[in-house]
Amino acid sequence: MSTGTTKLDVVVSDVVPVNDLVTRFHFRRRDGQLLPTFSGGAHVVVEMRDGERTRLNPYSLMGSPLDTREYTISVRRDDVGRGGSLFMHRSVKPGMEMVVSYPVNLFSLDLRAKKHLMLAGGIGITPFMAQTAQLAAEGGNFELHYTCRTASLGTYADVLRERYDRRVRLYHDDLEERIELDRLLSTQPLGTHLYVCGPAGMINWVRDRAASLGWPAETVHFEHFAAPQPGLPFDVRLAVSGKSIRVDEQQSLLEAIEAAGVDPPYLCRGGVCGQCETNVISCDGKFIHNDHWLSEEEHRSGKKIMPCVSRFEGRSLVLER
Amino acid sequence: MGITFRKETFRDDFTFKNSPEHIRRFPFPFHEDAYMYAVNIEPHVVGPRGSVLENLIDVDEHYVAEMQDRALVLAEDPLRCQSLPHMTLAGWDLLELLMEQQALGYPEHFTLTRDGDRWRWINRPLGIDDTFTFGDTSTLPYGPMEYITRQSQGDFCILDQRDGNLWMDAGMVTTQADWSLDFDIGMNFFEWHAPVPLAHEKGIFVRALKFLTNIQQGKPARRLNWTMTINPRLDTSPENYHKWGPDRATVTPDNVGDKVHLRVELQSFWRLPRSNGIVFPIRCYLIKMDELVTQPKWARRLHRVIRDLPDELANYKGLTRYRPALVEWLSKLDDGSPTSPGFGPD
């Protein structure tokens, strides 16, 4: 099977600054047709042509799944990241032609749930924008708890409050408002499913508390995209294709492999879906594993790496690619 | 030019047969002179004109008769069609998929007009012209899955995806090779495949599940599966075993050509957009031995495949009782000469 998903040729139909950190981008199909339908929680991978470099970053679709005239994503500017969000903020203008993937959902609603309890932190609000729209249209039962740093950085907090009123509860860090998590998790009706999307610390906290309070693992859903982290450059030998490549500080291993003309499969580019799992043939050095796919044992074995988010420091690395 | 739909039966007097054009388009499942399980999955893309892959959802000369047979099965046993409460959205996804594909492939027979969520569906072969509100179950005579699968050839399983597994949570199953939706409903991928011999040891289901849970929207996949059936009976269900099981004892050297049918399933896998479920259409094609052996390559190859099939597989597929008679009959059509590569007739 070919790599990734089917591509969509789109044009940027609008760019809307939302607050100091977040900008929203609207895409329409270049041929004027409707975009593919999607489900709440889905993401698309946006291709960014930044000079010589191509970046492929996943972003949650945040519009209503009922409206496929356009896709919308919200991008939080990360001044110390690898540059994808800066490219979106600085270089993407209305009218620009871009390519995005078909939607992929790795953070799906469990439609059996009697109630959907959603916990968002910061920009982790975006998948819930689509999920709440989907559930509201079907008369679904949901409740959203949203933590943000300040009221002015509470992206879409106003929109959500207006749409769903008391079904949305806001917590501001600067006012030292905190979710009373244990109370919240202990007082839910049977059949409730829990969804969490936000910083890794928040996801881990919620999952730990939920497990301690007896929530079955299959009722706890989380979106755990790790953005690829920058790091020291390193060299890799690709044994199958017979190529030697260098991974730059700001590049992911997967991007460097692709830049050399080799196309491993991928879907999420965030260490979650498992598609780009790659065998290590030999190595002399240490791995920096950032994925949520391989087991701890596999991380320790040094025999596998997820090139979308993980890196390497050392003398030599040979991969089965 | 449209399809000429045959008047025929899949029960009682068994008048089902294939026209010469349909014999040539039969999806013969063996690309070499032997058969063993493999994860034989490939992208479900449009194939050559005149093949069953000409359209991604195939409608053929048996359409009307198959839909009549389905209605008879459902009248006797409504549990052949089930949808757990959380699967209604997936049913709408399937309705959209099948209406779009049938209208696209066969505009002379099917027309879909969409005006927002107001849809009009015209099915000329079955004399249906309905206007309804997409998403509003009260505007259709059945639930969305049942409505559209009463008008679409093949069985349909809708699988919910959660917890890294697939769950058989809805389906319309009336043309099955000896399995029961009513038994499997609510089971996960490993549970409903538990009875299959040999494949677990080969790790096939683990790999297949990994593949299926990653099926992407806009990128359906397919595989062929096969078994054999005595008489052209679509409904070989466990519920009706008493009706068709004894048929296996009726095969004699004189009636092999008429009674024994190769039964091929074209299975495809599609991601559903709103529900994030997977639909798994299982389209059944039947061909009697007399029809199949009009293609000499198929006759030679089928002889070698059936003769050399491992006993476990022959048993699982229910061939054991009549295999000797079938092999004997086919052997007379196998002169030992080589067969050309690939599925198609020479």
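**Sheet, domains and chain interface in a predicted model**

In chain B, an open sheet of seven strands with antiparallel pairing has the order 1-8-9-10-6-7-2, where strands (E, at least two residues) and helices (H or I, at least four residues) are DSSP runs numbered from the N terminus and two strands pair if DSSP finds at least two bridges between them. Its edges are formed by strand 1 (42–43) and strand 2 (81–83) of chain B, each of which pairs on one side only. The model is a predicted one, in which local features need pLDDT of at least 70 and side-chain atom pairs count only at pLDDT 80 or more, whereas totals for chains, interfaces and linings use all residues. Residues are numbered from 1 along each chain as its sequence is written, and chains are lettered from A and ligands numbered from 1 in the order in which they are written.

Within this sheet, strand 6 (residues 155–162) and strand 7 (residues 165–172) of chain B run antiparallel and are joined by seven bridges, with Asp160(B) standing opposite Trp167(B) in strand 7 of chain B.

Chain A is divided into domain 1 (7–105), domain 2 (115–223) and domain 3 (234–319), with bounds that come from an automatic or database domain assignment. The C-alpha centres of domain 1 and domain 2 of chain A lie 24 Å apart, and their contact (C-beta atoms, placed from the backbone, within 7 Å) takes 17 residues from domain 1 of chain A and 12 residues from domain 2 of chain A.

Between the chains, 19 residues of chain A are in contact with 15 residues of chain B.

Notes: Two residues are in contact if their C-beta atoms, placed from the backbone, lie within 7 Å.
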